[in-house]
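User: Hey, I've got a protein model open and I'm a bit lost. Can you walk me through some parts of it?

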Amino acid sequence: MKKRIVLALGGNALGKDLAEQMQAVQGTAQALAGLIEEGHELVITHGNGPQVGMIHQAFESAAHTPAHSPVLPMSVCVALSQGYIGYDLQNALREELRKRGINKGVAALITQVRVDERDPAFHQPDKPIGSFLSEENAQQLARQGVRVREEPGRGWRRVVASPEPVEIIELDAIKAMLAAGQVPIAIGGGGIPVVAEGAHLRGASAVIDKDRASALLAQAIDADMLIILTAVEKVAVHFNTPQQQWLDSMTPQQAHAYIRAGEFAPGSMLPKVEAALAFAESRPGRQALITLLARASDGIAGRTGTIISQ
């Protein structure tokens, strides 16, 4: 059965830097083109954690050179990441579709997402961005007023606010592309965070979680399925213990119970399950799938992955 799908690409589908990204999107495009070839209608979203941190750090470093380049606001860094990730992704997918004889337009939309300036997340930054840092570098940044957090066993990273997405500003443009039979790449990095001030949209110093924004988009376009791609084939409880159990499916009630029991790691699987749950609960018949990119087609057919549905 052909479906309208919002598919959220994780960082492993994009690489950690420009060279890795240019190579990674080739394999990603093949998997995406396969789903389009099966007849599914796709809207593609993606993360930007390593990329937006790299952009922000580059302009911070440039500010200390004789050029005294300005430090860019986080909202502008998100916009830049949307542009350069979208550029590689749309070209790779367009080329792969042409190889398969599929004449579909593919375009990355610079997408803004409204947030509430009163969101408590602005007072509790917790979204990691950029590459891992040594403790020495992290403490140096902390003395400069930059928020950092340790991820046990992995290192330190910068953290920024991650408010809840409220409204997708370019929603009508995304719907128009779908109506025209084209493939939109949208809300890259969760979307450019903006606050509404009358008719004016002001950039916010934040990064929106791309899975939560993807769930909001999937509801807004009345998608049949939200696919959240990750580095494992299925969701597990008791992860990395002798009692580890892979889950083929969850009802919303089961997902809520697992969340209350602390089964999913914050900053890792927890936001993915929460986003999948939000979409699955939004209307009977809607399904959320968490799986690997390479197994997405099998997951849609119910042969693998973890499905959350009512």
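This is a predicted model: local features need pLDDT of at least 70, side-chain atom pairs count only at pLDDT 80 or more; totals for chains, interfaces and linings use all residues.

User: OK, and what does β17 pair with?

Analyst: Strand β16 (residues 287-291) runs antiparallel to β17, and four bridges join them. In that pairing, Ala288 stands opposite Ile308. β17 also pairs with strand β15 (residues 249-250), this time in the parallel sense, over two bridges. There, Ser249 has Ile307 as its bridge partner.

User: What holds paired strands together anyway?

Analyst: Backbone hydrogen bonds: strands of a sheet pair through them, either parallel or antiparallel.

User: New topic. In what order do the strands β5, β6 and β7 sit in their sheet?

Analyst: The order is β5-β7-β6, in an open sheet with antiparallel pairing. β5 (127-133) and β6 (148-151) are the edge strands, each pairing on one side only. Neighbouring strands here are turned by 35° against each other on average, ignoring direction.

User: How many bridges join β5 to β7?

Analyst: Four, with β7 covering residues 155-160.

User: How does α2 sit against α3?

Analyst: α2 and α3 (residues 74-99) pack at about 120°, with their axes 9 Å apart. That angle makes α2 oblique to α3. The crossing is right-handed.

User: Who's touching whom there?

Analyst: On the α2 side you have Gln51, Val52, Met54, Ile55, His56 and Phe59, and they meet α3 residues including Met74, Cys77, Leu80 and Tyr84. By class, the contact has ten nonpolar, three polar and no charged residues.

User: And what's the angle between α6 and α8?

Analyst: About 10°, with the axes of α6 (residues 210-220) and α8 (residues 269-282) 8 Å apart. α6 therefore counts as roughly parallel to α8. Among the contact residues are Lys210, Asp211 and Arg212 of α6, plus Lys272, Glu274 and Phe279 of α8. By class, this contact has six nonpolar, two polar and five charged residues.

User: Jumping to Ala29: is it buried or exposed?

Analyst: Buried. Ala29 has a relative accessible area of 1%, and under 20% counts as buried. You'll find Ala29 in helix α1 (residues 18-37).

User: What is Ala29 in contact with, apart from its sequence neighbours?

Analyst: Leaving aside neighbours within four places in sequence, Ala29 is in contact with Ala92, Leu93 and Glu96. Ala29 and Ala92 are 63 residues apart along the chain, yet their C-alpha atoms are separated by 5.8 Å.

User: Last one: how many residues are there between β10 and β11?

Analyst: Two, and the strands form a hairpin. In the turn, Gly198 has a positive phi of about 65°. β10 (residues 192-197) and β11 (residues 200-203) run antiparallel, joined by four bridges. Within that pairing, Val194 stands opposite Gly203 in β11.

Definitions and conventions:
Residues are numbered from 1 along each chain as its sequence is written. Side-chain values use heavy atoms; hydrogens and water are left out. Two strands pair if DSSP finds at least two bridges between them. Axes are lines fitted to C-alpha atoms, for helices over the stretch in contact, and angles run from 0 to 180 degrees between N-to-C directions. Angles under 35 degrees count as roughly parallel, over 145 as roughly antiparallel, 65 to 115 as roughly perpendicular and the rest as oblique. A crossing is left-handed if the near helix is turned anticlockwise from the far one by less than a right angle, and right-handed if clockwise. Contact means heavy atoms within 4.5 Å. Ala, Val, Leu, Ile, Met, Phe, Trp, Tyr, Cys and Pro count as nonpolar, Asp, Glu, Lys and Arg as charged, and the others, Gly among them, as polar. Buried means under 20% relative accessible area, exposed over 50%, partly exposed in between (1.4 Å probe, protein chains only).
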